[in-house]
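Visitor: I'm new to protein structures, and I'd like to go through this one with you. Could you bring it up for us?

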Amino acid sequence: MTKPLLGCIADDFTGATDLASMLVRNGMRTVQLIGVPDARLAVPDADAVVVALKSRTAPVQQAVRDSLAALDWLRAAGCRQFFFKYCSTFDSTDEGNIGPVGEALMDALGSGFALACPAFPAKGRTVYQGHLFVGTALLNQSGMENRPLTPMRDANLVRVLGRQTRAPVGLVPFATVEQGAAAIRRALTALKEQGRRWAIVDAVTDAHLRAIGEAAAPHALVSGGSGLAIGLPDNFRRAGLLPPRTDPEALPDVQGLAAVIAGSCARTTQMQIGRARAHLPVLELDPLATPDADALARQATQWAAERLGTVPVVIAASALSDRVAALQARLGRDAAGALVEQALAGVAEALIRFGVRRLVVAGGETAEAVVTRLHVHSLRIGAEIDPGVPWTFAEGSFAPLLLALKSGNSGAPDFFLKAFAVLEGT
Ligand code: ADP
């Protein structure tokens, strides 16, 4: 049993999984916890723990409260360094939540300072002279300026973060980052001595992220996107705290029936369902014909019971936009979404009772509804099926199961087939 070294607080669910996958890829066995962990929850046998909160767009006070509660748990679990994870597009508003949450964490840790680096070059997110780029566009010209809850209308992160906090924000510019870890560390120390509490750090390549990670070895708190995690595991290895892990993505073997539940209407998911249709039985639920969550769940369960066996079954509510619009017009937008989510959560519960132990769920909201219904509190992160979408070993109020949760737009067209092939090692 190892004590976790790195304790992470992520401001949303998919971001948490993304970070956890990054840590696994870099040799840390990682467990994701869902929501503020219960004080009685046993500390997982892992090198890193990522607490997935829903604090990105929550009211500031709640985001701060939840983040501090997560920090308390991670400290009690023995973590030595803490990572506040937010989106690589720095999703936030002038009220927060990155500034207030980061400062509350600094105060609780007594660290008085944190670097901030959302760069994720593999996804086209780079920071140059404090300005965040998405591909070749500045953040405020990338489409992110139109996000409904967190419109990003300024690409200058020193200014953006400065509006969220009373604490002065500094910059470690590209020229310093290019010189490597020692120069970055000197620059960070100098900024702290000048009274800055934050430093935006430029990064354009993975090599920059590695150097920043190395420079941050003595920092109690770091903050940024998943990319920043590239450089942190090496610090623990250098310090002799993290042994080489030959198989950090290994999950306990779980045998049982297999199924896919899809509630995303995204084009990618529609394509994945289409591709699966040639190989697997697919049921398309029609919530417009049966606008009743329990009745839909019963239909699906009966259908699945007759087919589950040697091949996985696919149950989808996914529909083209005209059908979705028709249900929304009839019930209202939120009620339409909730109806389908509750139906699919009911299907998940019934399938598990029936012996399904390998479950793929497509759709962010859908996954959340399923995880809530199954009272899942922890996910051990396994091998990725496609980038950012790992198999996980889920624990909750039922026998353990393997769960793969993908947001609507992620995964290759053959994702559903590939997911089960990965488990069989084929
Ligand atoms: P994504 O990750 O693609 O955004 P989500 O699961 O987060 O997927 O969101 C899809 C939403 O669409 C969910 O609220 C789901 O319940 C809803 N939905 C799915 N199928 C239908 C349908 N046939 N009619 C109306 N709403 C639907």
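Visitor: How many salt bridges does the rule find across the interface of domain 1 and domain 2?
Guide: Keep in mind that we're looking at a predicted model. The chain is split into domain 1, residues 6-238, and domain 2, residues 257-424. To count as a salt bridge, a side-chain nitrogen of Lys or Arg has to sit within 4 Å of a carboxyl oxygen of Asp or Glu. Across the interface of these domains, the number that the rule turns up is two.

Visitor: Which element supplies the largest share of the side of domain 1 that touches domain 2?
Guide: Two elements each give at least two residues to that side: α1 (13-25) and β2 (30-34). The largest share is eight residues, and it comes from α1.

Visitor: How much area do domain 1 and domain 2 bury between them?
Guide: For the contact itself, 18 residues of domain 1 touch 14 residues of domain 2. Of the area buried between the two domains, 58% is on carbon and sulfur atoms. The total comes to about 1,200 Å².

Terms used. Residues are numbered from 1 along each chain as its sequence is written. This is a predicted model: local features need pLDDT of at least 70, side-chain atom pairs count only at pLDDT 80 or more; totals for chains, interfaces and linings use all residues. Side-chain values use heavy atoms; hydrogens and water are left out. Domain bounds come from an automatic or database domain assignment. Contact means heavy atoms within 4.5 Å. Buried area is the accessible area (1.4 Å probe) that two parts lose on being put together, summed over both. Helices (H or I, at least four residues) and strands (E, at least two) are DSSP runs, numbered from the N terminus.
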